[in-house]
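Please look through the sequence and the three-dimensional structure shown here, and then read the report that follows with both in view.

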Amino acid sequence: MHATSCDIAIVGGGIIGASCALALSDLGQDVLLIEPQDLASGASKGNAGGLAFADILPLASPRIIRQALHWLSDPLGPLSLPPAYLPRMLPWLVHMWRASLRDRYSANIRAQAALMTLAHDEMMAMLEQAGLMNHLHSQGVLEVYEGEKRYQASMDNTHWRTRYGIESQTLQGADLAHCQPGLSPQFTHGIYIPSWRNVADPQALGQAIGQAAIDRGVRHLRQSVRWLQPMGAGARLILEDGSQLQARQVVLAAGAHSHLLARGLGDRIPLETERGYNTTLAPDALDLRQQITFGDHGFVISPLTCGIRVGGAVELAGLDRAPNYRRAQVMLDKAKAFFPDLKADGGTQWMGFRPSLPDSLPIIARSPRHPAVVYAFGHGHLGLTQSAATARLVHDLISDQTPAVDLQPYRVDRFRLL
């Protein structure tokens, strides 16, 4: 397909871009979704499948700052930062430290909780209206802890969830074993969160949402965007083949590559890449009743229709460094130790780029320099969870309606330059 102009260009066909395309398809305008690959084939493909509406605590927190030095001492631990990448990461890390200070931390929790409330309502509405409720399950999530001390260390999470009306149940002994048979007895405590929803296959859902948008008239252009330039009242997109596209409005939802395109508009945004790893095993690899979170070890194990997925961890190493699949193997080895009956052979390894901002909140806002461009990126681990809410807010911005939530916490210029 060749196109030279459109009303709205959406750059990025992951779960955020596809959801925005579906939301904007009701405006009666020419909407173009620009993605060189199959839809939802990047970070969306490797998602663990959790709709983490209860996950309101930012990664930028006092607890994580305290744990970070311990984790960084292990190059294959839950958090890794190659020494050669440290100079580039320093500004981002300083911003993260600032965001973890108590007053900012509390404000960020409020902002995350507001976005999660909207995320739940909008996801249910989007799936219902698009006829995609068959992708949704309500298994909840089980967080597990080794011993009383580690369980007590998680009580800050429980406090904040309770404060925002998020139900959780503490499990021990026989109750924990009943909730998830086969779990190693080294895990003595668990917290079950029933409001956590799950999807059968994250990539399949992303593609179904994108197809629903296409069925409603959205066009899919298989191209990469090399550069973004302001142009009068709109924007010009320079494509990979050298051609140009003019759009009255642009939604930038290109995940971990978004900040590179924002530079063309003069907006310098401290976006970094959390490289995540996973291994997907056969669907019968384990009798897994719900998603299990091993918070102290930095990974989860999820039951999906495409298989049992073991993944997580954070590697702060940018877009260009070669994958280190030993990180995926370490998580798989731990999963095998935690579930002795796990059939850990024959899995498929994966690495993907999570677009992360220092305060764990996304940017959902118009560019302050060029208002024809709307930013919708930086969701970190929560792209799937917050996709429908982001789409609703982008729709509000594009159609000049009052946003469903206060957008101040998600503005572009909230980070002071270092």
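Buried means under 20% relative accessible area, exposed means over 50%, and partly exposed lies in between, with a 1.4 Å probe and protein chains only. In a regular strand the side chains alternate between the two faces of the sheet.

This is a predicted model, in which local features need pLDDT of at least 70 and side-chain atom pairs count only at pLDDT 80 or more, while totals for chains, interfaces and linings use all residues. Residues are numbered from 1 along each chain as its sequence is written, and side-chain values use heavy atoms, with hydrogens and water left out.

Two strands are said to pair if DSSP finds at least two bridges between them. Strand β6 (residues 141–145) pairs with β15 in the parallel sense over three bridges, and E143 stands opposite T293 in β15. Strand β16 (residues 299–304) pairs with β15 in the antiparallel sense, also over three bridges, and I292 stands opposite I301 in β16. The hairpin of β15 and β16 has four residues between the strands, and in this hairpin G298 takes a positive phi near 75°.

## Strand β20

Strand β20 (residues 373–377) is mostly covered, with five of its five residues buried. V373, Y375 and F377 point one way from the strand, whereas V374 and A376 point the other way.

Strand β13 (residues 244–252) pairs with β20 in the parallel sense over three bridges, and V250 stands opposite V373 in β20. Strand β19 (residues 363–366) runs antiparallel to β20, and four bridges join the two; in this pairing I363 stands opposite F377. β19 and β20 form a hairpin with six residues between them.

## The buried residue R414

R414 is found in the segment after α11 (383–398), and R414 is buried, with a relative accessible area of 14%. Which residues does R414 touch, not counting residues up to four places away in sequence? They are L357, D359, L361, P362, I363 and P409, where contact means heavy atoms within 4.5 Å.

A polar contact of 2.7 Å joins the side chains of R414 and D359. A polar contact is a pair of N or O atoms within 3.5 Å; within protein, one must be able to donate a hydrogen and the other to accept it, and residues adjacent in sequence count only if both atoms are side-chain atoms. The side chain of R414 also reaches the backbone oxygen of Y410, at 3.4 Å.

## A three-stranded open sheet

Three strands form an open sheet in the order β3-β9-β5, and their pairing is antiparallel. The edge strands are β3 (50–51) and β5 (136–137), each of which pairs on one side only. Two bridges join β3 to strand β9 (residues 197–199), and L51 stands opposite R197 in β9.

## W97 in helix α3

W97 has its place in helix α3 (residues 86–99). Is W97 buried or partly exposed? W97 counts as partly exposed, because its relative accessibility is 47%.
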